[in-house]
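Hi everyone, thanks for coming.

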Amino acid sequence: KEEENKNLKTLNLKEVLNLAVKNNLKIKRNQNSIKLQEIGVHETKSLYKPKIDIFSNYIEIDEDRALASRGLNPQRTMEAGVKVSQLIYSNKVLKNIEINKLLYKSTKQEAKALDDEILYKATLIYLNIIKAKEYKQIIKIKHDFIQRNLLFAKQRVQIGVQDRSDVYRWQSELANANIQLATSKKELKKLKVELSNLLRIKNEYDYLEYGLNSKLFKLLNKDAIAYLKDVKVQEAFTKNIVHTHPRLKQIKELIKAKNEHLQMNKDSYYLPSIAFEGSAKKVLKRGGEASDLPRTWDDKEYQAVINLNLPLYEGGVKKSKIQKNEVELIDLKLQYNDVKNLIIENVRKNYESLSHSYSKISYSKDSLNSSKKNYELIEDKYKKGKENIISLLDAQNSYIVSKLNLSISNIEYLVDLSSIYFFSGRIDILLDGIKKEEVERKIQEIIKDKNWKI
């Protein structure tokens with residue numbers, strides 16, 4: 001199975017995010033929502049375009065009525081014509097066009113926010129896969145350590161310098177390591193299946209491992225924390241959230257749309273609608289009784305109507321609509337402030353978490369360096385019979401825990417950084433190099449201050 005994994009095609013994070021954009025069903029549905037709203041805009045605009053109908057009528061009445069009409073209505077008549085209607089002015093229609101445009105913009109931002117959630121989820125699963133892979137590798141190292149010492153213990157028993165107690169203990173440790181290894185493989189497989197389902201691809205890929213020095217997670221070729229820990233950069237990012245976060249932009253467009261709706265209902269008290277309607281028809285054929293009687297008019301007929309309509313009273317419906325709009329508008333503004341505060345608080349917490357996880361990396365490196373030296377020293381003494389198995393196991397576990405802590409700290413740092421990007425509305429900088437360059441340019445503008453130091 002290890003050989004099979006080596007032959008698997010490896011995907012990096014950019015490729016994974018591109019596959020999410022291309023294949024994920026929720027993202028596809030979000031795109032359809034945008035298209036439907038765009039169609040709604042065109043549909044509303046069509047109300048201001050002329051409507052033209054061609055019609056044809058066949059009319060037949062009884063003989064008595066035809067004779068009594070004295071030629072006005074023959075017994076059988078065939079006629080054809082055209083009807084044209086055109087809305088000249090309607091504040092309601094104009095406002096609805098503007099409202100639908102704003103709803104279209106809002107839908108685009110909502111789709112962007114939902115897409116970002118998918119990209120963020122894919123990023124977290126990807127990073128958890130890396131953590132699971134590293135965990136499995138570390139447990140494999142532990143497994144190999146135990147196997148090596150088990151073999152050494154057996155050799156010492158064979159030459160009669162030690163009893164079998166160490167052999168039994170190493171065999172017990174090896175069994176536990178095998179359980180941990182099996183569990184780690186199961187967890188890794190589970191995460192790969194989850195990511196494959198999200199991307200709608202077969203579970204036949206491996207994933208590139210990223211670490212602290214990975215270029216994708218750097219800003220201006222330095223660890224991102226070097227800039228993001230600075231208060232000026234944090235303040236600039238936080239201030240700019242209202243202009244960059246799609247969820248806030250979505251609600252702002254909804255507020256604009258609701259304002260238009262409110263104004264439309266207020267205007268309905270005094271703004272009329274004006275429409276034109278015209279028709280022309282021609283009698284093609286007459287037949288039956290009274291069809292041959294003389295007439296003082298020809299077979300052509302037309303009419304034109306200008307209609308002005310102003311509803312004066314609708315039983316208090318207008319007032320209720322206005323009150324409802326005002327309450328909905330207040331609710332949207334409250335929602336905007338609530339979401340904004342929540343986003344800013346999440347970003348602030350992630351700044352703090354990023355700083356802590358970065359510090360933990362340094363501590364974990366120191367711990368790993370010391371525990372490795374200690375393990376090598378104790379193992380050497382154990383082989384010479386100067387240390388017991390308890391001391392060696394303790395040193396080994398300390399070394400393994402230090403390696404795990406370093407691996408976890410690295411991934412926690414990348415998760416915190418990705419979370420900052422997500423809650424700032426910038427998760428796509430992991431996917432789009434141009435977006436990343438824009439962020440880097442803004443950072444460069446901030447650090448032009450001579451007193452700014454990394």
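Okay, one term before we start: a salt bridge here is a side-chain nitrogen of Lys or Arg within 4 Å of a carboxyl oxygen of Asp or Glu. Also keep in mind that what you see is a predicted model.

Let's go through a few pairs. Take Lys192 and Asp206, where the closest N and O atoms are 3.4 Å apart. This pair links distant parts of the chain, with Lys192 sitting in helix 6 and Asp206 in strand 4, 14 residues apart. Are these two buried or exposed? Lys192 is buried, and Asp206 is too.

Now compare that with Arg348 and Glu345, whose side chains meet in a salt bridge at 2.5 Å, N to O. Both of them lie in helix 10, which covers residues 317–383, and they're three residues apart, about one turn of the helix. Arg348 is partly exposed, with a relative accessible area of 37%, and Glu345 is partly exposed as well, at 30%.

One more pair: Lys384 forms a salt bridge with Asp380, and there the closest N and O atoms are 3.3 Å apart. Lys384 counts as exposed because its relative accessibility is 56%, and the cut-off for exposed is over 50%. Asp380, at 37%, is partly exposed.

Next, charge on the surface. Lys45, Lys49, Lys101 and Lys105 gather in a patch of positive charge there. One of them, Lys45, lies in helix 3, residues 25–45, and has a relative accessible area of 33%, so we call Lys45 partly exposed.

Let's zoom out to the whole thing. The protein chain has twelve helices and eight strands. Why do we say the chain is more spread out than a compact globule? Its radius of gyration is 38 Å, well over the 22 Å that the globule rule gives for 454 residues. As for what's tucked away, buried residues make up 40% of the 454 residues.

Terms used:
Residues are numbered from 1 along each chain as its sequence is written. This is a predicted model: local features need pLDDT of at least 70, side-chain atom pairs count only at pLDDT 80 or more; totals for chains, interfaces and linings use all residues. Side-chain values use heavy atoms; hydrogens and water are left out. Patches are made of residues with over 30% relative accessible area and no salt bridge: like charges are joined within 9 Å, nonpolar side chains (Val, Leu, Ile, Met, Phe, Trp, Tyr) within 5 Å. Accessible areas come from the Shrake-Rupley method with a 1.4 Å probe; for residues, only the protein chains shown count as cover. Lys and Arg count as positive and Asp and Glu as negative; His and the chain ends are not counted. The place of a charge is taken as NZ of Lys, CZ of Arg, CG of Asp or CD of Glu. Helices (H or I, at least four residues) and strands (E, at least two) are DSSP runs, numbered from the N terminus. Buried means under 20% relative accessible area, exposed over 50%, partly exposed in between (1.4 Å probe, protein chains only). The radius of gyration is taken over C-alpha atoms; the globule rule is 2.2 Å times the number of residues to the power 0.38.
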